[in-house]
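Here are my notes on this model, as promised. Have the structure open while you go through the points.

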Amino acid sequence: YDFLFIHIQKTAGTSITQALAGLKGSQFITPPHLRLRDIRLKSASRPLIFAVVRNPWERMVSWYEMMLMKGMHNDFSRHLLRGAGPGNERADFGTFIRRIEVIHETDVFELAGSMLGTESEGMIIGDHYLKSLGFNQLDYICDDGLICCDRVLRYERLDEDWIELCGALNLPGNLRLPWVNANPAPKPWRDYYAGAADRDWVAEVYARDITYFGYRFVA
């Protein structure tokens with residue numbers, strides 16, 4: 001197999017990683033969630049590159065619920081979840097989505113390969129890597145301003161897109177997604193948006209994703 005999966009946060013990446021982990025020769029590039037521009041492959045040949053994208057408004061809700069579940073465990077989560085004022089233990093959703101500063105993550109992270117019991121290899125540029133809510137999903141699949149992703153799967157129709165991808169990569173026909181690491185929201189994701197200001201903020205931050213992939217707040 002000759003492919004590279006770019007894991008964009010909250011787009012079923014953990015499910016895909018686990019599905020692919022058992023394939024002979026699979027290796028991990030660590031830390032997770034690197035942008036394509038930050039990865040330098042050892043091989044001279046170019047693999048088939050694929051990723052999954054998701055409606056930005058829905059993705060923010062899933063990301064928020066995940067961060068609440070995991071708590072403050074590294075620089076990035078402490079930045080996103082710290083209280084907005086005295087007596088506020090956790091940021092509310094409106095505060096969370098507005099924290100788009102780029103964080104140089106320096107805390108020790110657990111290698112994806114170690115978690116799954118397989119070999120890992122990869123690189124860190126220097127002693128930190130960049131994380132931000134403000135990165136568009138396009139930022140993960142572009143290099144030098146050009147989209148370098150051969151296949152972009154849609155979270156909204158991932159079951160169908162996954163079958164097509166397996167066919168393109170000649171993967172085993174019985175390779176199924178385990179659907180793990182999901183963060184069910186306690187209410188519909190649209191209800192997290194208190195009003196037009198929150199909706200418009202996400203629309204502005206992720207304008208490139210929304211325009212390129214054709215997403216809307218109203219499904």
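This is a predicted model: local features need pLDDT of at least 70, side-chain atom pairs count only at pLDDT 80 or more; totals for chains, interfaces and linings use all residues.

1. As for the space inside, the second largest pocket holds about 160 Å³.

2. Next, the sheet. Three strands form an open sheet, ordered β1-β2-β7, and the pairing is parallel. The edges are taken by β1 (3-6) and β7 (151-154); each has a single partner strand, so one side of each has no neighbour in the sheet. Going from one strand to the next, the twist averages 25°.

3. Strand β2 (residues 48-53) runs parallel to β7, and four bridges join the two. For a place to start, take Ala51, whose bridge partner in β7 is Val152.

4. Now for the helices on the sheet. Helix α1 (residues 13-21) packs on it and touches β1 and β2, with a direction at about 155° to that of β1. Helix α7 (residues 158-169) lies across β1, β2 and β7, and its angle to β7 is about 155°.

5. How do α2 and α8 sit relative to each other? Helix α2 (residues 56-70) packs with helix α8 (residues 196-205) at an angle of about 105°, and their axes are 10 Å apart. Angles of 65 to 115 degrees count as roughly perpendicular, so α2 and α8 are roughly perpendicular to each other.

6. Which residues make the contact between these two helices? From α2 come Pro56, Trp57 and Met60, while α8 brings Arg199, Val202 and Ala203. By class, the contact of α2 with α8 has five nonpolar residues, one charged residue and no polar ones.

Terms used: Residues are numbered from 1 along each chain as its sequence is written. Side-chain values use heavy atoms; hydrogens and water are left out. On a 1 Å grid over the protein atoms alone, a cavity is a set of points where a 1.4 Å probe fits but cannot get out, and a pocket is an open set with protein on both sides within 12 Å along at least five of seven lines; lining residues have an atom within 4 Å of a point. Grid points are joined across faces, edges and corners, and a volume is the space filled by probe spheres set on the points. Axes are lines fitted to C-alpha atoms, for helices over the stretch in contact, and angles run from 0 to 180 degrees between N-to-C directions. Angles under 35 degrees count as roughly parallel, over 145 as roughly antiparallel, 65 to 115 as roughly perpendicular and the rest as oblique. Contact means heavy atoms within 4.5 Å. Ala, Val, Leu, Ile, Met, Phe, Trp, Tyr, Cys and Pro count as nonpolar, Asp, Glu, Lys and Arg as charged, and the others, Gly among them, as polar. Two strands pair if DSSP finds at least two bridges between them.
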